[in-house]
Amino acid sequence: MQFQGEPLTPDRCRALRGRAIALIPQSVGYLDPLMTVGQQVQRVGQLNGLSTRDARAAVDRTFARYELPVITRQRYPFQLSGGMARRVLVSTAVVTQADLVIADEPTPGLHPDVVTETLNHLRELAQGGRGVILITHDIDAALQVADHVAVFYAGTTVEIAAATDFATGNLRHPYTQALWRSLPQNEFVPVSGNQPSPDSLPSGCLFSDRCPWVTAECQVARPELRWVRQGWVRCIHAEG
Ligand code: SF4
């Protein structure tokens, strides 16, 4: 893995984590239940080099931006609604000024209004010039805000497509196509079979035991990512 052109070594990860790279965690349970949310977000600001005064001002600015009432600073996580707690988590990333924000499954279990609100906040961060990676199982959510979608299978990226490719059917990998067809609003047909477990991966292409296009050639080696129809695909038979 590389970040800004340099290998992401363990030492570099430690130096960048929470500063140049910020995480919006999956669950509001990641907030410290024993500390007010104002203190928590302020602490992140101070860890990013802000003075106490500047960190306090950054919290005020960020909370105002996300329409969190002033009193929210003094609240503990259990005193917040799900939507408010989610906005506090986004605030922890915003006060860092990180170049890259990774949002790890931020939407499951949320009310649809809060999902839209959370996605809009992520989009706004991207519009402001930050890189945003949204990790999700919710393709609809991703397509609402993403520019590009990377599809994973068995721990491997099998396709990177423009979000618009899903609407136009310009998908390259048989797994991505099957995933798209499986959605309720499309054909609602499941992909047959199961993902292989990490300790019994097939030889060659990881999708070979479920793929309708499989040939003997697919079982020889793991396919490399190829540039096909303006997107990346890990399939030797994907056509241009
Ligand atoms: S490489 Fe072969 S098995 Fe793998 S996705 Fe492509 S056609 Fe299917």
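This is a predicted model: local features need pLDDT of at least 70, side-chain atom pairs count only at pLDDT 80 or more; totals for chains, interfaces and linings use all residues.
Which residues are around the ligand?

**The whole chain**

Begin by colouring the chain by domain: domain 1 covers residues 2-137, and domain 2 covers residues 148-233. The C-alpha centres of domain 1 and domain 2 lie 32 Å apart.

Next, select residues 21-24, 100-104 and 131-135, which are β3, β4 and β5 respectively. These 3 strands make an open sheet with parallel pairing, in the order β3-β4-β5. At its edges are β3 and β5, each of which pairs on one side only. Between neighbouring strands of this sheet, the average turn is 15 degrees, direction ignored.

Now focus on the pair β3 and β4, which run parallel and are joined by 4 bridges. Display Ala22 here, and Val101 in β4 will be found opposite.

**Helices to inspect**

Then select helix α2, residues 37-47. Its buried residues are Val37, Gly38, Gln40, Val41, Gln42, Val44 and Gly45. In an α-helix there are 3.6 residues a turn, so residues three or four places apart point the same way. To see what the buried residues of α2 pack against, show α3 (52-65) and α4 (82-94). After α2 comes Gly49, with a positive phi near 95 degrees.

**The antiparallel sheet**

Move on to the sheet formed by 4 strands in the order β6-β7-β9-β8. This sheet is open, and its pairing is antiparallel. Select 148-153 for β6 and 226-228 for β8: these are the edge strands, each pairing on one side only. Neighbouring strands of this sheet are turned against each other by 30 degrees on average, direction ignored.

**The ligand**

Finally, centre the view on the ligand and select the residues around it: Pro174, Cys205, Phe207, Ser208, Cys211, Trp213, Val214, Cys218, Pro223, Cys235, Ile236 and His237. How many residues of each class does this shell have? Colouring by class will show 10 nonpolar and 2 polar residues, with no charged residues in the shell.

Notes
Residues are numbered from 1 along each chain as its sequence is written. Two strands pair if DSSP finds at least two bridges between them. Helices (H or I, at least four residues) and strands (E, at least two) are DSSP runs, numbered from the N terminus. Axes are lines fitted to C-alpha atoms, for helices over the stretch in contact, and angles run from 0 to 180 degrees between N-to-C directions. A residue is near a molecule or strand if its C-beta atom, placed from the backbone, lies within 6 Å of it. Ala, Val, Leu, Ile, Met, Phe, Trp, Tyr, Cys and Pro count as nonpolar, Asp, Glu, Lys and Arg as charged, and the others, Gly among them, as polar. A residue is buried if 20 or more other C-beta atoms lie within 10 Å of its own, exposed if 12 or fewer, and partly exposed in between; C-beta atoms are placed from the backbone. Two residues are in contact if their C-beta atoms, placed from the backbone, lie within 7 Å. Domain bounds come from an automatic or database domain assignment.
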